[in-house]
Amino acid sequence: MDLDLYNRKEQDNMKYVEELSLNAWPSHKIELYDGWLIRFSHNYTYRTNSVEQVGASTIPAEEKIAYCESVYRSLGTPCNFKINPLLPPTFDAMLADRGYHIRHVTEVMTGDTASMRLMEPISSEYEFENRLGLPSFVNYPGDFTVLLQSSITDEWIQGIFHLNGTCDPTLRRIVPSMFKAIPKETIVASVEVDGRMVASGLGIRDRDYVGLYAVYVSPSCRRRHYARAICSTILREARQRGAARAYLQVVKGNITAKSLYLSLGFQDYYTYWFRSLDVSRAASET
């Protein structure tokens with residue numbers, strides 16, 4: 001294949017995955033500004049509190065950066081820019097020159113669902129009806145069960161808050177609306193012990209892909225294969241519903257999660273990171 005054609009195809013594929021991830025994880029507030037998305041969610045995650053470039057620009061970059069800084073300054077949060085391989089290296093260098101630091105380096109992984117090495121269940125049970133026809137319970141060796149739903153419930157979200165340590169009252173108020181604003185099909189998974197959610201996962205199906213999100217396991221319940229079973233269940237059900245490919249995002253350095261995803265059959269695709277500046281501090285120092 002011609003090198004330029006290959007590069008264009010890779011760029012198109014990366015753009016596609018970036019688009020899927022934007023659909024999968026809405027922000028609390030979004031402003032479209034000359035081809036840039038300014039996202040704000042009270043610092044819940046970097047992705048939902050950053051600027052992403054999604055279209056062509058007509059305004060000079062320096063002017064646009066200054067505008068974004070003013071927006072985040074008024075919101076009282078750092079100004080973050082998402083940097084992926086689709087952006088020219090000169091933009092990252094420009095931010096570095098303005099005092100921005102690299103934060104939250106993230107590795108994107110992808111794979112074919114047909115070739116995934118999934119954990120095999122013992123049985124499945126259909127007790128509750130749902131719009132996707134998912135099994136209610138998927139039973140695994142080791143005497144535990146993955147519970148499945150097609151809709152994100154308040155109970156599941158509260159379980160997520162417990163697992164990821166979200167205590168801030170503002171976040172506990174706004175994040176449920178962000179989850180419920182996801183416009184795509186969702187496969188909602190959990191494991192419970194004594195009536196308490198100890199592991200979670202979320203599959204978001206968009207066209208021919210499924211994205212894996214919100215994979216958490218309580219520290220007291222690790223090394224029991226809960227995460228492997230949850231990922232396997234989501235991937236299997238998504239594949240049966242037309243998802244030929246899968247993607248996920250894992251923070252660089254999370255060795256345990258990375259090992260799990262590699263063992264399932266995911267492969268490294270590309271890396272992105274955030275450039276961050278505390279604009280309130282920057283303003284006080286000028």
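1. Among contacts in the protein chain between residues at least 6 apart in sequence, 66% join residues that are at least 24 apart. Please bear in mind throughout that this is a predicted model.

2. The protein chain contains eight helices and 13 strands. Its radius of gyration is 20 Å, close to the 19 Å given by the globule rule for 286 residues, so the chain is as compact as a globular protein of that length. The C-alpha trace spans about 60 × 55 × 35 Å along its principal axes.

3. Of the 286 residues of the protein chain, 49% count as buried. The accessible surface of the chain comes to about 14000 Å², and carbon and sulfur atoms account for 50% of that area.

4. As to charge, the protein chain carries 32 positive and 33 negative side chains, with the centres of the two sets lying 3 Å apart.

5. Most residues other than glycine have a negative phi. Asp 194, although not a glycine, has a positive phi of about 55°, and this residue lies in the loop between strand 9 (185-193) and strand 10 (196-206). Asp 194 counts as exposed because its relative accessibility is 80%, and the cut-off is over 50%.

6. Arg 223 is likewise not a glycine and has a positive phi, of about 65°. Its place is the loop between strand 11 (209-217) and helix 6 (226-240), and, at 85% relative accessibility, Arg 223 counts as exposed.

Terms used. Residues numbered from 1 in each chain as written. Predicted model: local features only at pLDDT ≥ 70, side-chain atom pairs only at ≥ 80, totals over all residues. Heavy atoms only, no water. Helix = DSSP H or I, 4+ residues; strand = E, 2+ residues; numbered from the N terminus. Rg over C-alpha atoms; globule rule 2.2 N^0.38 Å. Buried < 20%, exposed > 50% of the residue type's maximum accessible area, 1.4 Å probe, protein only. Contact = heavy atoms within 4.5 Å. Areas by Shrake-Rupley, 256 points an atom, 1.4 Å probe, with all protein chains shown as cover. Lys, Arg positive; Asp, Glu negative; His and termini not counted. Charge placed at Lys NZ, Arg CZ, Asp CG, Glu CD.
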